[in-house]
Amino acid sequence: MWTSGRMSNAKNLLGLGVSLYFWGLMDLTTTVLSGSARPLTEGQEDNLSDKLHQRMKRSWVWNQFFVLEEYTGTDPLYVGKLHSDMDRGDGSIKYILSGEGAGIVFTIDDTTGDIHAIQRLDREERSQYTLRAQALDRRTGRPMEPESEFIIKIQDINDNEPKFLDGPYVASVPEMSPVGTSVIQVTATDADDPTYGNSARVVYSILQGQPYFSVDSRTGLIRTALMNMDREAKEYYEVIIQAKDMGGQLGGLAGTTTVNITLSDVNDNPPRFPQKHYQMSVLESAPVSSTVGRVVAKDLDEGINAEMKYSLVDGDGLDMFDINTDPNYQVGIITVRKPLSFESKKSYTLKVEGANPHLEMRFLNLGPFRDTTTVHISVEDVDEPPVFEPSFYFVEVPEDVEIGTTIQIISAKDPDVTNNSIRSVLSLCVPPG
């Protein structure tokens, strides 16, 4: 009967020995009851031995051997001992080891059955080896036990730190998010055995990034931890997360990763004109649709949240001017709507409004998301030539009219001077000669 050098196998082996003895006794009793009370012959003994071996092979179950990984000693590492009950300690039994790693990773003392590991074992490279053992009669080479299979399992030690295979991470979360808003989940993996001890049980903690963010110690989920985080005050955060094995206990191995978090923009800032009064001027000769000037309302938000819509809401120049929004620069462009005349009206006043067209309901209390400014526009005079009224005259003159006779009075008007008329007298003049 095979036995191992481990106390944990003793009860199983004892039970197996009783079982084998019972089966052998049944065969022997059958022989006696058949009327053969004489001693067994050599052939009968061999037959009984073969049957015993058959029973053993059918009933035998090997237990595992265990050996710690990463042994760094200079001597071979003792794994365990194989032993046959037929071994009387006189060296007549020869033990043979075969299977995975036999002779390369593991050796057996063919006299004592002691198994040793002769190479450093790494559970993360290979967690177990399946081997077979034989016990032979050293003199005849005859098997003394049926060949049996057993496993040497490599027992884990905490020799691998947690690693963030997907790091560093990049994430974003809207500014002004409520406390506890999920940002991103980080995951650390530990190559140690998760089924043995705490070597692979990872606990997460935050080393940098407080008080703005927190991390769930069990899941690695990062959340916001501070109210009213304002992108316009601070946009980028570098958060460092640590994963420590051994359940975070003293002596555990640790790994870290960086999470770069950006606060994305929301429309939480109303537009504001930097000036409450603008002064502009335009020539009275400016053509329709020409530009008078520009106004701009500043918005600390960005993108769609900073888009602006400008309009004229009041003033005495609503009929004379227009305003359009430049979508690229978000400025309001004031243009001439109708022809201007310095002589008719020298100045105009406009009230301009700039408003965000895209609002977020939860931030309406921070508004109003619109602002106004006043624009004063002066119309500048242009030196214009006199204008004849009418512009065409038809005069008939008798053929015998005397020289110097007034035949028509014509008039012109200077637009630059109010009610300033110019009169000209058209007289008949004959050249000398």
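Is Arg 231 buried or exposed, and what is its relative accessible area? Arg 231 is buried, with a relative accessible area of 8%; here buried means under 20% relative accessible area, exposed means over 50%, and partly exposed lies in between, computed with a 1.4 Å probe on protein chains only.

The structure is a predicted model, in which local features need pLDDT of at least 70 and side-chain atom pairs count only at pLDDT 80 or more, while totals for chains, interfaces and linings use all residues. Residues are numbered from 1 along each chain as its sequence is written, and side-chain values use heavy atoms, with hydrogens and water left out.

## Salt bridges

Side chains of opposite charge can pair when their charged atoms come close. A salt bridge is taken as a side-chain nitrogen of Lys or Arg within 4 Å of a carboxyl oxygen of Asp or Glu, and by this rule the count comes to 16 salt bridges. The table gives some of them.

| Asp 114 | Lys 81 | 3.1 Å |

Strands are DSSP runs of E with at least two residues, and helices are runs of H or I with at least four, numbered from the N terminus. Glu 353 is buried at 17% relative accessible area, whereas Arg 370 is partly exposed at 41%. Elsewhere, salt bridges that share partners join Arg 231, Glu 232, Glu 235, Asp 265 and Glu 302 into one network.

Lys 81 counts as partly exposed, its relative accessibility being 25%.

Asp 193 sits in the loop between β10 (182-185) and β11 (203-208).

What does the side chain of Asp 193 make a polar contact with? The partner is the side chain of Thr 195, at 2.7 Å, where a polar contact is a pair of N or O atoms within 3.5 Å; within protein, one must be able to donate a hydrogen and the other to accept it, and residues adjacent in sequence count only if both atoms are side-chain atoms. Leaving aside neighbours within four places in sequence, Asp 193 is in contact (heavy atoms within 4.5 Å) with Arg 123, Asp 156 and Ala 200.

## Backbone features in loops

A cis peptide bond joins Gly 167 and Pro 168, with omega at about -5°, and Pro 168 lies in the loop between β8 (148-155) and β9 (169-174). Another cis peptide bond joins Gly 367 and Pro 368, with omega at about 10°, and Pro 368 is placed in the loop between β21 and β22.

Met 246, a residue other than glycine, has a positive phi near 60°; Met 246 is in the loop between β14 (236-244) and β15 (254-264) and is partly exposed at 24% relative accessibility. Ser 289 likewise has a positive phi, near 80°, and is found in the loop between β16 (277-283) and β17 (291-296), where Ser 289 is exposed with a relative accessible area of 57%.

## An open sheet

An open sheet with mixed pairing is formed by 4 strands in the order β2-β8-β7-β4, two strands being paired if DSSP finds at least two bridges between them. The edge strands, each pairing on one side only, are β2 (65-68) and β4 (93-99). The strands β2 and β8 run parallel and are joined by 4 bridges, and Val 67 has Ile 154 in β8 as its bridge partner. Ala 135, placed in strand β7 (residues 128-137), is buried at 0% relative accessibility.
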